[in-house]
Amino acid sequence: MRVFRLEALSDNYIFLLHNSQENIAAVVDPAEAEPVFSKLVELNAELVAIFNTHHHHDHVGGNQQLMQRFPTLTVYGGAEDKGRIPGQRVFLQQGDRVSFGDRIAEVIFVPGHTRAHIAYYFPPNTAGEPGELFCGDTLFAGGCGRLFEGTPTQMVSSLEKLRSLPDNTRVWCAHEYTLKNLQFALTVDGENTDLQQRYEEVKTFRTQGKPTVPSLLGVEKHTNPFLRWEQPSLQAAAKSHDAVQTFARIRGMKDRF
Ligand code: ZN
Ligand code: FE
């Protein structure tokens, strides 16, 4: 399975999964249809699935047009999103499995950004392909999604599930927010040398117009303040000794950043 990163809207990424043996493709969170059509033409592949992580328009905006062109494709989304995702046919819950070509994704229920948000995790396989995590607006490179419909307690437990995946998991998040996220991260975890180094790398990347997605989960564990609620540095910045309260206060500071 190959993953292609397509740019959409102002800062969204659409991910196109391609299986070259069967000549099929799937897309994760098609914000718009046009970039997907172009890539499908280039690959000469048939679109068989849309994997939506949540109902926000910048993640489902292309569903309708893609379904018109490929009427037999299947639209997947979270069970709790029933009625909010155009064309949704499959209603997924924690632990469900969905297949694409020769890979099988595990569904992880990650409420917080929205109450219905799910992530898709393709574990590494014996052919040496790495684990792939499609986490929508839950975990970002250097950050996490805003809490629109969920509580800090829910978000911490959602992020905890993602944090437990292997370090070499590739993190495919839906927005290019990394530079701004790391600028904020330095205000709450400024002594973290891994973070300082990552910020410099990302700054160089963005100056050259290069994407910072995917990142690696191992890097997130060491540098993302929203996965580090038990670290003394973060707890000091939040003036708390409680994990959830630390997370909530850091999230609040980011909202005002
Ligand atoms: Zn969203
Ligand atoms: Fe979004």
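Leaving out neighbours within four places in sequence, Ala 237 is in contact with Val 188, Ile 250 and Met 253. The model is predicted. Each exercise below is followed by its solution.

### Exercise 1. Describe the whole chain

How many helices and strands does the chain have, and what radius of gyration would a compact globule with 257 residues have?

Step 1. Count the elements. There are 9 helices and 14 strands.

Step 2. Check the radius. A compact globule with 257 residues would have a radius of gyration near 18 Å; the chain has 18 Å, so the two agree.

Step 3. Take the extents. The C-alpha trace spans about 55 × 40 × 35 Å along its principal axes.

Step 4. Look at burial. Of the 257 residues, 54% count as buried.

Step 5. Sort the contacts. Among contacts with a separation of 6 or more, 58% join residues 24 or more positions apart.

### Exercise 2. Work out the zinc site

Which residues coordinate the zinc ion (ligand 1), and what spacing do these donors follow along the chain?

Step 1. List the donors. They are His 54 (NE2), His 56 (ND1), His 113 (NE2) and Asp 137 (OD), at 2.2 to 2.3 Å.

Step 2. Read the angles. The 4 donor atoms give angles of 88 to 171 degrees, and the site is irregular.

Step 3. Write the spacing. Along the chain it is H-x1-H-x56-H-x23-D.

Step 4. Locate a pair of donors. His 113 and Asp 137 link distant parts of the chain, 24 residues apart. His 113 is in the loop between strand 8 (103-109) and strand 9 (118-122), while Asp 137 is in the loop between strand 10 and strand 11.

Step 5. Check their cover. His 113 and Asp 137 are both buried.

### Exercise 3. Work out the iron site

Which residues coordinate the iron ion (ligand 2), and which residue coordinates both metals?

Step 1. List the donors. Asp 58 (OD), His 59 (NE2), Asp 137 (OD) and His 175 (NE2) coordinate the iron ion at 2.1 to 2.3 Å.

Step 2. Read the angles. They run from 82 to 165 degrees among the 4 donor atoms, and this site is irregular.

Step 3. Write the spacing. It is D-H-x77-D-x37-H.

Step 4. Find the bridge. Asp 137 coordinates both the iron ion and the zinc ion, which are 3.3 Å apart.

Step 5. Asp 58 lies in helix 2 (residues 57-60), and Asp 137 lies in the loop between strand 10 (132-136) and strand 11 (139-140). The two are 79 residues apart, and both are buried.

### Exercise 4. Follow Asn 52 to Gly 77

Where are Asn 52 and Gly 77, and are they buried or exposed?

Step 1. Asn 52 is in the loop between strand 4 (46-51) and helix 2. Gly 77 is in strand 5, residues 74-78.

Step 2. Asn 52 has 0% relative accessibility, so it counts as buried. Gly 77 also has 0%, so Gly 77 counts as buried.

Step 3. The contacts of Gly 77 include Asn 52, Ile 85, Phe 91 and Tyr 120.

Step 4. Gly 77 and Val 107 are 30 residues apart in sequence, with C-alpha atoms 9.7 Å apart.

### Exercise 5. Examine Glu 176

Is Glu 176 buried or exposed, and which side chain makes a polar contact with its side chain?

Step 1. Glu 176 is in the loop between strand 13 (170-173) and helix 5 (178-188).

Step 2. Apply the cut-off. Its relative accessible area is 13%, so Glu 176 is buried.

Step 3. Name the partner. The side chain of Thr 212 makes the polar contact, at 2.6 Å.

Step 4. Beyond four places in sequence, Glu 176 touches residues including Asp 11, Tyr 13 and Arg 206.

Technical notes
Residues numbered from 1 in each chain as written. Chains lettered and ligands numbered in written order. Predicted model: local features only at pLDDT ≥ 70, side-chain atom pairs only at ≥ 80, totals over all residues. Heavy atoms only, no water. Donors = N, O, S within 2.8 Å, 3.2 Å for Na, K, Ca; no water. Tetrahedral: all angles 85-135°; square planar, octahedral: opposite > 155°, others 65-115°. Helix = DSSP H or I, 4+ residues; strand = E, 2+ residues; numbered from the N terminus. Buried < 20%, exposed > 50% of the residue type's maximum accessible area, 1.4 Å probe, protein only. Rg over C-alpha atoms; globule rule 2.2 N^0.38 Å. Contact = heavy atoms within 4.5 Å. Polar contact = N/O pair within 3.5 Å; in protein donor to acceptor, adjacent residues only side chain to side chain.
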